[in-house]
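The exercises below are meant to be worked with the sequence and the model side by side. Please try each task before reading its solution.

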Amino acid sequence: MKKREKIDLEITLEDVKIPKEDFAEYYANFLKKHPDELKSYKKHVIKEYNKTKDVALFLEGLKIVAKAEGNVSKLAKNTGIDRTSIYKLSRKANPSFCTIVSLAHNLGMDFRLNATVR
C-alpha cells in the first residue's frame, strides 16, 4: 500500500527554504497534486478567517486555492472577475464583498454570515 503524503500546515518558510514570494505558487502546485489536502486547506482558510478575522490572510488563501484549482482563466470567466485581479489577491488588495463571495463560491467554499448577539 502506498504511504499517503501529508503536509504540516504549521510549516514555516524557513523550514522549506522557498523565497517568500514563491511560496504561494509552490504550495498551490502541491495542493493541485493532492486533492484531499486541497479540501483540507479550503477548510483551514475558512477556519483561520473565522478565528482571526484577518481579511488579508483570507485573500491570500483564496489566491492559493484559485491557483491550485488549476484554471484561473475559467474562474475569471465564471465569476466575471478579471484574471489579473485574481492573481493580484493579496494583503494589499481591496476587493469588493461581491468579489470575495463570488470567488469563494466558485472555488467550492461555502460563505456564511452569522449574527452575534451583543
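**Exercise 1. Overall fold**

Among contacts in the protein between residues at least 6 apart in sequence, what percentage join residues at least 24 apart?

Solution. Keep in mind throughout that this is a predicted model. Step one is to take the contacts between residues at least 6 apart in sequence, of which 58% join residues at least 24 apart. Step two is to list the secondary structure, which comes to 7 helices and 0 strands, so that the pattern along the sequence reads α-α-α-α-α-α-α.

**Exercise 2. Helix 4**

Is helix 4 mostly covered or mostly uncovered?

Solution. Begin with its geometry: helix 4 has 15 residues and reaches 21 Å from its first C-alpha to its last, close to the 21 Å expected at 1.5 Å a residue. Then count the residues under 20% relative accessible area, which shows helix 4 to be mostly covered, with 11 of its 15 residues buried. The buried residues include Phe58, Leu59, Leu62, Ile64 and Val65, and among them are also Lys63 and Lys67.

**Exercise 3. Salt bridges**

How many salt bridges are there, and which parts does the pair Glu25 and Lys67 tie together?

Solution. Taking a side-chain nitrogen of Lys or Arg within 4 Å of a carboxyl oxygen of Asp or Glu as the rule, the count comes to 3 salt bridges. In one of them, Glu25 pairs with Lys67, the closest N and O atoms being 3.1 Å apart. Because Glu25 lies in helix 2 (residues 20-33) and Lys67 in helix 4 (residues 55-69), this pair ties together parts that are 42 residues apart in sequence. Glu25 is partly exposed at 38% relative accessible area, whereas Lys67 counts as buried at 17%.

Glu69 and Lys42 also meet in a salt bridge, at 2.9 Å from N to O, and since Glu69 lies in helix 4 and Lys42 in helix 3 (residues 35-52), the pair ties together parts that are 27 residues apart in sequence. Here Glu69 is partly exposed at 39%, while Lys42 is buried at 15%.

Finally, Lys51 and Glu48 meet at 3.2 Å, N to O; being 3 residues apart in helix 3, they are separated by about one helical turn. Lys51 is exposed, with a relative accessible area of 60%.

**Exercise 4. A surface patch**

Which residues make the nonpolar surface patch of about 320 Å²?

Solution. The patch is made by Phe97, Phe111 and Leu113. Phe97 is placed in helix 7 (residues 97-106), and with a relative accessible area of 47%, Phe97 is partly exposed.

Methods: Residues numbered from 1 in each chain as written. Predicted model: local features only at pLDDT ≥ 70, side-chain atom pairs only at ≥ 80, totals over all residues. Heavy atoms only, no water. Patch = residues over 30% accessible without salt bridge, like charges linked within 9 Å, V, L, I, M, F, W, Y side chains within 5 Å. Areas by Shrake-Rupley, 256 points an atom, 1.4 Å probe, with all protein chains shown as cover. Helix = DSSP H or I, 4+ residues; strand = E, 2+ residues; numbered from the N terminus. Buried < 20%, exposed > 50% of the residue type's maximum accessible area, 1.4 Å probe, protein only. Expected span 1.5 Å × (residues − 1). Contact = heavy atoms within 4.5 Å.
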